[in-house]
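Hi there,

Here is the structure I promised to send over. Have a look at it first, and then read my notes below.

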Amino acid sequence: MKLLEYQAKALFEKYDIAIQKGVVIDAAGDEKIRAADLRFPVVIKAQVQTGGRGKAGGVKFAETPEEAAKLCGEMLGMDIRGFTAKELLVVEKKDIAKEWYLSIMLDRYSKSPLLIFSPLGGMDIEETARTNPEKIAKVPIDPIRGVQDYTISYAMDKTGADRRYKDGLKEVVEKLYRMFFDYYTMLVEINPLAIDDEGRLIALDGKVEVDDNALPFLPDITAFRDKLQEDPQVIEARNVNFLFIPIEDEGNIAVMSNGSGMLMSCIDLISKKGMKVHAALDLGGGATAERIAEAVRIMLGRPKIDTVFICIFGGITRCDEVARGAVIAMRANEAADKHLILRMEGTNKEEAAKIVAESNLPITVAEGIPNSVEAMYRLKNGKGA
Ligand code: GDP
Ligand code: MN
């Protein structure tokens, strides 16, 4: 789950990482800005779950409360790379001498947290990565030893950063590193980490990505979710404990399976055939007919989906339960032009095929994944199943 800037900064504050004084607003007008008693000029920032806001017009400066109120009116509801700014963060503008880049991410290659640092941070960090790769240091942090003096020295020396700020940087990295672990994050980023005239380090921006699987342990992060822009089907599926994964918006196939590995194999084969998957859903183990019906209903409810592919390896999950669930959902479905392809192997497979055959619904039972994908392809190309 990607947090909004002010949510990330609420965590920074908890770890005593310096941030600017500010206020979050969700309606036009200047009362809330005045009430916050901010020193002008201020920065007004669209709160959306995407970076690059500065370049997309989502970060503006205002000299007076009147100007701020006017800009807020313009910025509320604006679209930034597909996300709507429902809230704005208004902060006191900081005079800064330098903009650094700092992040910690989970690195699968080194199997450890990876510190990424650059003294050339700010809006052009991607450009820096292209043109001055030597100005970006990537340093794995040994999870047993943690952040060491040499971790910071290496990052700074490699990139030619001013060593006067070493203690300050080390302190921020240590705090960020604790947060990285405590909150089961996959990424924590401060860009820019600014240095003000007095040489203090302050986080002007914040990006935090939390592992969704840890949300049950993180009530304070789960509480942030209400403010995020989420796909309604993701929420609907989550409410009944299914993991719904949007894939390609222009796709029109839904894939459901009991296990993420098989889901990925199915998606691969479908893509290889030149077809596009709209969404995937992991049914987990031991789903009942009612649960299957619920999952199929969620998929059929999405206008873009015209084909649902269910691929089941029946062990704990019984094939007849899957077939019964699929039939319930297809029978209740009003749009007649949707087709379901069912591939089942294992427990009660024959009984399942019988249930489907007797239903007289547009459900095709296929043997094996390649045949199922073939059937889907023929169906989509008007050659019947
Ligand atoms: P992003 O474009 O989504 O990463 O949004 P940021 O919060 O990083 O803001 C973009 C840029 O605006 C930063 O890189 C800074 O150059 C500038 N900026 C943001 N806040 C301030 C501030 O308080 N003072 C100054 N001088 N510049 C700021
Ligand atoms: Mn930024």
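Predicted model: local features only at pLDDT ≥ 70, side-chain atom pairs only at ≥ 80, totals over all residues.

Let's start with the largest pocket, which has a volume of about 1,200 Å³. It has 31 lining residues, and the closest to its centre are Asp212, Glu230, Val234, Leu243 and Phe244. If you want to find the pocket by secondary structure, look for helix H8 (232-239), strand S13 (243-246), helix H9 (260-272) and strand S15 (277-282), the elements that give two or more residues to the lining. By class, this lining splits into 18 nonpolar, 5 polar and 8 charged residues. Domain 2 (96-224) and domain 3 (232-380) each put at least three residues into it.

Next comes the second largest pocket, at about 960 Å³. Here 40 residues form the lining, and those nearest the centre are Arg53, Met123, Asn191, Pro192 and Asp205. At least two lining residues come from each of strand S2 (42-46), strand S3 (59-62), strand S7 (96-107), helix H4 (125-131), strand S10 (185-196) and strand S12 (207-210). Which element gives the most to this lining? That would be S10, with 4 residues. The class count for this pocket is 16 nonpolar, 10 polar and 14 charged. As for domains, at least three lining residues come from each of domain 1 (21-93) and domain 2 (96-224).

Now for the sheet. It is an open one with 4 strands in the order S1-S6-S2-S3, and the pairing is antiparallel.

To zoom in on one pair, S1 and strand S6 (residues 88-92) run antiparallel over 4 bridges. Within that pairing, valine 23 has valine 90 in S6 as its bridge partner. Two helices to look at pack on this sheet. Helix H1 (residues 5-14) touches S1, S2 and S6, and its direction makes about 50 degrees with that of S6. Helix H3 (residues 65-75) touches S1, S2, S3 and S6, and its direction makes about 160 degrees with that of S3.

Cheers

Terms used: Residues numbered from 1 in each chain as written. Chains lettered and ligands numbered in written order. Heavy atoms only, no water. 1 Å grid on protein atoms, 1.4 Å probe; cavity = no way out; pocket = protein on both sides within 12 Å on 5 of 7 lines; lining within 4 Å. Points joined across faces, edges and corners; volume = space filled by probe spheres on them. Nonpolar A, V, L, I, M, F, W, Y, C, P; charged D, E, K, R; others polar. Domains from an automatic or database assignment. Pairing = 2+ DSSP bridges. Contact = heavy atoms within 4.5 Å. Axes fitted to C-alpha atoms, helices over the stretch in contact; angles between N-to-C directions.
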